[in-house]
Amino acid sequence: MVGQCIVFMVIFRRLIYVSKLLTVLSARDLSCEKQDRILFENVDLQIEAGELVLLRGENGAGKTSLLRILVGLSQAQAGSVSICGEDVNHDINLASQHIIYFGHKLGVSGLLSPIENLTFWCKQHGLAISHDNIVDTLETLGLEGLESLPVKYLSQGQQRRVSLARLWLKNDAKLWVLDEPMTALDVQMVAQVEQKITAFLRAGGSVLMTSHQAVKIEHEQREFTLEYRW
Amino acid sequence: MSVLWSYCKRDIALAYRQRAELMQPLMFFIMVITLFPLAIGPSPEILQRVSGAVIWVAAILSLLLGMERMFRDDFNDGTLEQYVLSTTPLYLIVLVKVLTHWLIHILPLLLLSPLLALFLNMTMAMYVALLATLLLGTPVISLIGAIGVALTVGLQRSGVLVALLLIPLFIPLLIFATSAIDSASLQLPYAFQLGMMTALVLFALAASPAAISYSLKVSQN
């Protein structure tokens with residue numbers, strides 16, 4: 001009898017361990033209030049490995065706020081978030097190792113060239129990516145010949161490509177959090193990003209994204225909708 | 001270490017590409033000090049008497065002028081978000097940024113000071129005291145100033161607000177610095193004033209990085 005109990009306990013613990021491994025992002029009871037308006041309350045969200053979650057909602061429903069809270073850039077009024085088991089509010093540096101966040105702001109300096117920006121970003125995230133690798137990535141994204149030009153001289157779409165190049169450079173991320181990644185991109189580039197997302201999902205990665213455009217990703221999708229609240 | 005060096009290199013590259021803006025606080029500093037002999041008159045005694053205070057007040061005002069942009073561009077283009085999400089703790093990043101800011105914006109000011117001391121008829125003893133107080137005091141301005149800048153980084157036209165927030169905090173520094181220069185002019189010892197300034201810089205060095213990183217997180221919220 002005692003032996004059976006021990007076996008059950010071991011199996012139970014192993015199941016918890018496996019479920020933690022599979023759960024990439026877990027958010028519980030999140031609430032957010034801005035300028036005396038409650039954006040959302042008691043939001044629970046769980047994302048498993050290999051899952052694509054589309055965050056839907058009207059303008060002002062709080063999609064960007066939710067994404068920022070999930071990656072640890074903003075603080076929720078209540079609730080907790082963990083990424084791969086790491087609490088984002090406790091140790092954001094540890095939690096952010098597993099993610100790539102692509103927000104409204106591109107995270108590239110207009111005074112630096114695409115190569116300089118991406119080299120610096122790789123250094124920041126402890127990635128040993130060679131100069132040639134960065135050049136190849138920029139060429140893949142249709143930025144050949146523009147690698148050394150300050151980013152401020154590039155078009156809006158080209159600047160977004162520079163920022164999106166991060167998706168091609170960091171291969172060990174488990175979760176991509178993408179806030180309107182297709183904005184200002186041309187049709188070919190949208191298709192290229194969709195292909196990249198599909199490949200990432202097939203490799204076991206998870207994606208949480210918002211998009212006001214129709215997303216053509218050949219992968220099972222789950223929608224998570226935030227209602228606009230007055 | 002190489003990661004932190006990359007932050008330093010990036011800020012130096014950015015400053016080099018905005019050379020004109022880099023020169024503005026420096027030119028402001030020179031012009032304010034040049035105006036004093038013209039306004040007070042050529043009396044060497046009076047100039048010598050006020051020289052320490054003039055240089056220190058001009059230094060504080062010109063540094064505040066250049067400080068506003070310490071985190072502004074990074075905030076606007078989203079680089080600050082990437083700093084928060086990087087593998088390096090934010091307090092280390094901001095410490096490197098503040099030290100780089102000191103190297104880029106304040107070291108030239110120290111290098112210019114012999115010329116300005118000449119304008120204001122400073123003696124050698126006063127100049128040595130001035131240099132010592134600037135070396136100890138300007139890092140405090142950078143470190144404490146960065147907290148104010150971090151708190152207001154999300155606000156539009158925060159320049160005056162930053163000045164209003166920070167100038168009262170620099171009063172102890174100004175008192176010890178000018179007192180040290182006055183003592184030097186009277187050939188009195190000024191080790192106590194330098195000791196107090198050393199204590200201030202050590203305190204700022206220990207406490208500011210955490211305060212700056214917390215302020216930046218609050219501003220981004």
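The points below go through a predicted model with chains A and B.

1. Sheet of chain A. Five strands of chain A make an open sheet, and their order across it is β6-β7-β8-β3-β9. The pairing is parallel. Strands β6 (99–102) and β9 (221–226) of chain A are the edges, each pairing on one side only. On average, and with direction ignored, neighbouring strands of this sheet are turned by 15° against each other.

2. Bridges within the sheet. Strand β3 of chain A, residues 52–57, runs parallel to β9(A) and is joined to β9(A) by 6 bridges. In that part of the sheet, Gly57(A) is opposite Leu226(A) of β9(A). Asp179(A) has Thr210(A) in β8(A) as its bridge partner.

3. Covering of β7(A). Is this strand buried or exposed? Of the 5 residues of β7(A), 5 are buried. In a regular strand the side chains alternate between the two faces of the sheet. Here both faces are covered: Leu175(A), Val177(A) and Asp179(A) are buried on one side, and Trp176(A) and Leu178(A) are buried on the other.

4. Which strands does α2 of chain A touch? Helix α2(A), residues 63–71, packs on the sheet and touches β3, β6, β7 (175–179), β8 (206–210) and β9 of chain A. The direction of α2(A) makes about 150° with that of β7(A).

5. Nonpolar cores. The largest nonpolar core has 61 residues, and Ala146(B) and Ala150(B) are the ones that touch the most other members. Elements giving two or more residues to this core are α2 (19–40), α3 (44–67), α5 (79–84), α6 (90–119), α7 (124–151), α8 (159–166), α9 (171–185) and α10 (191–220) of chain B. Helix α7(B) supplies the largest share, 14 residues. Leaving out residues up to four places away in sequence, Ala146(B) touches Met70(B), Val94(B), Val98(B), Ser208(B) and Ile212(B). Another core, of 56 residues, lies apart from this one; Leu55(A), Ile99(A), Leu141(A) and Trp176(A) are among its members.

6. Helix pair in chain B. The axes of α6(B) and α7(B) are 9 Å apart and the helices pack at an angle of about 150°. Angles over 145 degrees count as roughly antiparallel, so α6(B) is roughly antiparallel to α7(B). Their crossing is right-handed. The contact residues of α6(B) include Val94(B), Val98(B), Trp102(B) and Leu110(B). Those of α7(B) include Tyr127(B), Leu134(B), Pro139(B) and Ala146(B).

7. Loop between the two helices. Asn121(B) is located in the loop between α6 and α7 of chain B. Asn121(B) has a positive phi of about 60° although it is not a glycine. Asn121(B) counts as partly exposed because it has 17 C-beta neighbours inside 10 Å.

8. Cys84(A) has 18 C-beta neighbours inside 10 Å and so counts as partly exposed.

9. Val88(A) belongs to the loop between β5 (86–87) and α3 of chain A. Ala128(A) is 40 residues from Val88(A) along the chain, and the two C-alpha atoms are separated by 25 Å.

10. Contact between the chains. On chain A, 24 residues are in contact with 21 residues of chain B. Helices α3 (92–95) and α4 (114–124) of chain A each supply at least two residues to the side of chain A that touches chain B. The largest share of that side, 4 residues, comes from α4(A).

Methods:
Residues numbered from 1 in each chain as written. Chains lettered and ligands numbered in written order. Predicted model: local features only at pLDDT ≥ 70, side-chain atom pairs only at ≥ 80, totals over all residues. Pairing = 2+ DSSP bridges. Axes fitted to C-alpha atoms, helices over the stretch in contact; angles between N-to-C directions. Contact = placed C-beta atoms within 7 Å. Core = buried A, V, L, I, M, F, W, Y, C linked by C-beta atoms within 7 Å. Buried ≥ 20, exposed ≤ 12 C-beta atoms within 10 Å, placed from the backbone. Parallel < 35°, antiparallel > 145°, perpendicular 65-115°, else oblique. Left-handed = near helix turned anticlockwise from the far one by under 90°.
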